Amino acid sequence: MQLALWTYEGPPHVGAMRIAASMRDVHCVLHAPQGDTYADLLFTMIERHDRRPPVTYTTFQARDLGGDTADLVKTAVAEAFARFAPKAMLVGESCTAELIQDQSGALAQSMALPVPVVPLELPAYSKKENWGAAETLYRLVRTLLAGRAPAPGAARPARSGGRGPTANLLGATALGFRARDDVVEIGRLLAELGIGVNAVVPLGATADDIRRLPEADFNVDLYPEVSRATATWLERAFGMPYTRTIPMGVRGTREFVAEAAALAGVDPAPVLARERPGAAGLSASQSRLAWYARSVDSTYLTGKRVFVFGDATHAIAAARVAAEEIGFSVVGLGTYAREFARDVREAAKRYGVEALVTDDYLEVERAIAAAAPELVLGTQMERHIAKRQGIACAVISAPLHVQDVPARYSPVYGFEGANVLFDSWVHPLVMGLEEHLLAMFREDFEFHDAAAASHLATSGAAAARAPAPAAPAWTAEGERELAKIPFFVRAKARRNTERFAAERGLATITVDTLYEAKAHYGR
Amino acid sequence: MTDLSALPPASALPGCGSAAPVLRERGQREVFCGLTSIVWLHRKMQDAFFLVVGSRTCAHLLQSAAGVMIFAEPRFGTAVLTDRDLAGLADANEELDRVCVALLERRPDIGTLFLVGSCPSEVIKLDLAKAAERLNARLFPRVRVVNFSGSGIETTFTQGEDNALRAMVPLLPQTQAKQLLVVGCLADVVEDQLRRHFAALGIDPVAFFPGRRAAALPGVGPGTLVLAAQPFDGETVRALAGRGARPIASPYPFGAEGTTAWLAAAARAWGVAPERLREVTAPLAARAAKAVARHRDRLAGKRLFVLPDSQLEIPLARFLAREMGMALVEVGTPYLDRQMVAAELALLPAGVTLSEGQHLERQLDRVRAARPDLTVCGLGLANPLEAEGLATKWSIELVFTPIHGYDQAADLAEVFARPLERRARLAV
Ligand code: SF4
Ligand code: SF4
């Protein structure tokens, strides 16, 4: 039994719903009690879907338990099939139905519907949402491609001639972070390379799109949390290679271009040559990040402390962009995606930090407080943590809230995605010149603590500071000196000084302690 | 517009026998489970913690229903069952005790711990009553542990509140004193207003259940008059009656008419002189009627379809029909507790279609066929219906905003007028 206050991931059947809700002609039946219908609002409210997710629930009640709950499954499947005429059906159970063991999937299969029925096993007491999405996609793809794989050892059948190389984009789903725009951006990028998109799966896909997957030359494993299982199976069964690079940031995108070009047998040089690092904003370069980062006014971004947390894919890529492309210092890196913990641990080593692998929100909050970053790149949960601690924040990963689904085109993958990252990470920070002015004129009444940087809509509510147990006491002069430090670094100065004093067993903090600590932590 | 003499006295209201025919449906129910009640109950009772014993689904539901997270450590959480707990029940009991004790150690501010049953805990027959007993033996009187069910197989949405309050009834101290006990979770601002009204009527003492602290329990006994402020607290009212209290039948305090009728029912039962009642309520009712009139233009003559969800459907439909002049196409309710809504049913216009339970797809077919001007529904349905060109109001707002009493009557009207007002403004 594990105490959960807020969770990063829903149960695995919500992952199954994300696959169904991404597709156009697949319907999902869930054996679940009425309260589980709450999950519809994730799609219709957070992502503003204009149709209900294609999901039917049996909504069994306690009084049904003595009788035939299995009958409810059959009725629900039959009615859903008759009403929605899907081309394939997913049948699964939520946590409660798993316990009553009605074998919903097998029951539905026994109904001999004229469309493929995919029984789902979604262990609700050990697995979570992303696993459920990955498993559902994998099962659906396997079912729809059953009997189509060449015999083991046999050569892969030649692609139909007369057309250029193509790729499938795998893993984009409803409620995936910026997935809607990423597939457009990556599709454009591939088109510039002369590579067509054979199918995007599952976002916007039909069952027939899945049947066409083997016609492509290779797969793009866009969101490994969801698509890695499918990509590896397609490689095993159909000999289709898949990309390993995540096209996030300028460097990630350039590497992706090279990798995709190699898999397709095309020349990446024309695309790469146009995207020259340092190319001016008025050049043909689509990516402005490299030039903006070199622009002198960005100097103030140097070494800003950033804490990164999210799913593994976005967290690893974001840390790399932060360090290599913007010049931040990564002071924390973590993920809630245990399945990919190893990759995150490896990445963390590059920044000399210990990876934080947890789905305990309070633990993340403590780690952020301890790292005292100036910017948090996280999920909507970290947005709340950062707000409480008065730290700037940008969202880089699911779970999302409604404001993370912007109306405008805002991919985070590809060259345009890199531009979006630069803007959305730099915007929450106090800008360079402004930072100097604030420091120089900190006694000016307009620069008092409550006045936020002028380009920020609201001042981050000052975080209530819980004193550490047996925290050293500040002397009056110490406090006065602390008050002279600009407000946006004051919380950090306070924490560092207290830590410094505590570690040295000092009972009081004087002006000297403050400056000794500053020298100690100074970069 | 609220002429009290036009209302039949509550005691003379017909029972269910005379009510309109009801369309009973079985099929997919698109409603929250009782766990959702925790979202407002924990705000009301500031010394209470609600620990759901359930699954990741339950935790996810609570988080999704709570919407925006504001609290680092909210006063609710989920003890998530894992494979290990399912392997052997003894283990699960020990685990639960461990989680509770650890939680209470970290939260010394908590005086009442609610153990909330969920579908999984009930299906595996994890006995939360026993667990509460065990924990009480260990923790009482510093902390009192109470258990109730919020599971989706037993409860719908607001029924969670009913179960929580019902579970507290045996704990209420016995009293012989004459008092009025108002039942139902109300926003503090509403509670304060109603207190002032009762004081003006000379009704004193008045207790509210639940109060702002779970530990401050009101008394109950033969001198207690019970006035329900929420139509979904039926089991609680019946349990209080079982403790000797006398329930007062009344419409609910929604709108000027409903609030007057509600205060009138209390006044009659208490023995307040009719002139005093009129003196106190007439100016308040007039003020409320004036405030709601602003929204009447927007709503009058508009056709309303109410999908089942919060169990507030019948009283709200009565308000919208009688005070706002809306035409009722269909009023759905998750279940019909005739005893609790008898006075409301009597006020509904003749010929209204009531439906109980739900077959979602068939009901949506009826919505599409009727094309109402406004559809009240859950969050999962609102945007899809809007996309079909139908104006909607999500019902969850009705349990998260103060809507009871005279001074909230206009806010209540506005909740329904706003979607129409918005459509009128938008030119895209
Ligand atoms: S319906 Fe049951 S399983 Fe689902 S959230 Fe509610 S209590 Fe939990
Ligand atoms: S007890 Fe309930 S159901 Fe029976 S007559 Fe009275 S109101 Fe109707």
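This is a predicted model: local features need pLDDT of at least 70, side-chain atom pairs count only at pLDDT 80 or more; totals for chains, interfaces and linings use all residues.
Start with chain A. Its secondary structure comes to 22 helices and 15 strands. The chain has 523 residues, and 57% of them count as buried. Now take the contacts in chain A between residues at least 6 apart in sequence. Of these, 70% join residues at least 24 apart.

Next comes the contact between the chains. Chain B gives 67 residues to it, and chain A gives 58 residues. The size of an interface is often given as the accessible area lost when the parts come together. Between chain B and chain A, the buried area is about 5,300 Å². Carbon and sulfur atoms give 60% of that area.

Polar links cross the contact too. There are 26 residue pairs in polar contact between chain B and chain A, counting pairs with both residues at pLDDT 80 or more. The side of chain B that touches chain A draws two or more residues from each of several elements, including β2 (48-54), α2, β3 (76-80), α4 (89-106) and α14 (360-370) of chain B. By residue type, that side of chain B divides into 36 nonpolar, 17 polar and 14 charged. Four salt bridges are counted between chain B and chain A. In one of them, the side chains of B:Glu361 and A:Arg52 meet at 2.8 Å, N to O.

Backbone pairing also links the two chains. Strands of a sheet pair through backbone hydrogen bonds, either parallel or antiparallel. Here strand β1 (residues 2-4) of chain A pairs with β3(B) in the antiparallel sense, over three bridges. Within this pairing, A:Gln2 has B:Val80 as its bridge partner.

Now turn to helix α2 of chain B, residues 56-66. Of its 11 residues, 10 are buried, so α2(B) is largely enclosed by the rest of the structure. Among the buried residues are B:Arg56, B:Cys58, B:His60 and B:Leu62. At the start of the helix, a side-chain oxygen of B:Ser55 reaches to within 3.1 Å of the backbone nitrogen of B:Thr57.

B:Ser64 lies in this helix. Is B:Ser64 buried or exposed? The relative accessible area of B:Ser64 is 12%, and buried means under 20%, so B:Ser64 counts as buried. Its side chain reaches the backbone oxygen of B:His60 at 2.7 Å. Leaving out residues up to four places away in sequence, B:Ser64 touches A:Tyr38, A:Leu41 and A:Leu42.

B:Thr155 is found between β5 (144-149) and α7 (159-168) of chain B. B:Thr155 has 1% relative accessibility and counts as buried. The side chain of B:Thr155 reaches the backbone oxygen of B:Gly150 at 3.2 Å. B:Thr155 also touches residues beyond four places away in sequence, among them A:Gln34, B:Phe32, B:Cys33 and B:Asn163.

Finally, look at some backbone details. The peptide bond from A:Val201 to A:Pro202 is cis, with omega near 5 degrees. A:Pro202 is found in strand β7 (residues 196-202) of chain A. In chain B, a cis peptide bond joins B:Phe209 and B:Pro210, with omega about 5 degrees. B:Pro210 lies in the loop between β7 (206-209) and β8 (224-228) of chain B.

A:Ala112 has phi near 55 degrees. It lies in the loop between α6 (104-109) and β5 (117-119) of chain A. A:Ala112 is exposed, with a relative accessible area of 63%. For A:Leu175, phi is about 70 degrees. A:Leu175 is placed in the loop between β6 (166-172) and α8 (179-193) of chain A. At 10% relative accessibility, A:Leu175 counts as buried.

Technical notes: Residues are numbered from 1 along each chain as its sequence is written. Chains are lettered from A and ligands numbered from 1 in the order in which they are written. Side-chain values use heavy atoms; hydrogens and water are left out. Helices (H or I, at least four residues) and strands (E, at least two) are DSSP runs, numbered from the N terminus. Buried means under 20% relative accessible area, exposed over 50%, partly exposed in between (1.4 Å probe, protein chains only). A polar contact is a pair of N or O atoms within 3.5 Å; within protein, one must be able to donate a hydrogen and the other to accept it, and residues adjacent in sequence count only if both atoms are side-chain atoms. Contact means heavy atoms within 4.5 Å. Buried area is the accessible area (1.4 Å probe) that two parts lose on being put together, summed over both. Ala, Val, Leu, Ile, Met, Phe, Trp, Tyr, Cys and Pro count as nonpolar, Asp, Glu, Lys and Arg as charged, and the others, Gly among them, as polar. Two strands pair if DSSP finds at least two bridges between them.
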